[in-house]
Amino acid sequence: MPEIEEVLPKYLQISGYIRDLIQRGELAPGAEVPSERELAASWKVARPTAAKALNTLRQQGLVQSRRGSGTYVTDTDAVTDTSASARLREPPRYGTRYAEHESATIVSAEIVSGPEEVTAALELPDGTSVIERKRLLTTESGAARIATSWFPGRFATAAELLLRTEPIPGGVADYVARTTGFEVAHARDRVSARLASTQERRLLDVPRPAAVLVYHLTLHAADNSPLQFDELVYPPGHWTFQQEYSLGS
């Protein structure tokens, strides 16, 4: 077993080693991956570190856990859900959101007069009523981000759960597809920075003035009509994304 290096965090060294075994075919699809206990013993690390390594591989889509059985290399041939909404639920293969163990509070879910930026993204006339669903995500270290989703107001009748301040089973994208008949076909995103608004400073508990990272995501149907516009606002001093990749030839 290779020795721990100090260049990368230990859990990334472990997950990278297992990933290499998978990519070389030494761990074939369906093969069982060493357990937390086995990794902790062989790499001489604490169990939480071993657990974090396995979780990283799960986030990358390389392994899957089976309750009461163990962790196994993902059989990509067995994956049948290739819809855009399903892909949106998955993290990038070698990149993951940085924050872990997040909890979400739905701050509001209501019909509002759409802000100019929102109606423009949804290709609606200025001032058109839209559904606004705002969530605050927190970690042990405090507020991690504000996530706001806007939908065309016409979805309110069919997708009434969008107006409730409680989680939607199966996720919002699947729910909207089931209730409205519109399936997400493609997405467009962009990232910028600006000063936090009064409400954002309050929710994120940051001083005035405070710069925030802003991520916009627009989801479109196959006919290119916008279905959803999201804004994620990240406070300063919080890592939001990490990416691991090979530089080898």
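Helices (H or I, at least four residues) and strands (E, at least two) are taken here as DSSP runs, numbered from the N terminus. On that basis, the protein chain of this predicted model contains 7 helices and 11 strands. The briefing below covers the chain as a whole and then its salt bridges, of which there are 7.

- The protein chain has 249 residues, and 41% of them count as buried.
- Its accessible surface comes to about 14,300 Å², with carbon and sulfur atoms contributing 50% of that area.
- Among contacts in the protein chain with a separation of 6 or more, 60% are between residues 24 or more positions apart.

**The salt-bridge network around Arg194**

- Arg194, Glu200 and Glu231 are joined in a network of salt bridges.
- Arg194 pairs with Glu200, and the closest N and O atoms of this salt bridge lie 2.8 Å apart.
- Arg194 also forms a salt bridge with Glu231, where the closest N and O atoms are 3.5 Å apart.
- The pair of Glu231 and Arg194 links distant parts of the chain, 37 residues apart: Glu231 belongs to strand S10 (residues 226-234) and Arg194 to strand S8 (residues 184-195).
- Arg194 is partly exposed, because its relative accessible area of 31% falls between the limits of 20% for buried and 50% for exposed.
- Glu200 counts as buried, because its relative accessibility is 8% and the buried class covers values under 20%.
- Glu231, at 10% relative accessibility, likewise counts as buried.

**The salt bridge between Arg19 and Asp20**

- Arg19 and Asp20 form a salt bridge in which the closest N and O atoms are 3.8 Å apart.
- This pair qualifies because the rule requires a side-chain nitrogen of Lys or Arg within 4 Å of a carboxyl oxygen of Asp or Glu.
- Arg19 counts as buried, with a relative accessibility of 7%.
- Asp20 is partly exposed, its relative accessible area being 30%.

Terms used:
Residues are numbered from 1 along each chain as its sequence is written. This is a predicted model: local features need pLDDT of at least 70, side-chain atom pairs count only at pLDDT 80 or more; totals for chains, interfaces and linings use all residues. Side-chain values use heavy atoms; hydrogens and water are left out. Buried means under 20% relative accessible area, exposed over 50%, partly exposed in between (1.4 Å probe, protein chains only). Contact means heavy atoms within 4.5 Å. Accessible areas come from the Shrake-Rupley method with a 1.4 Å probe; for residues, only the protein chains shown count as cover.
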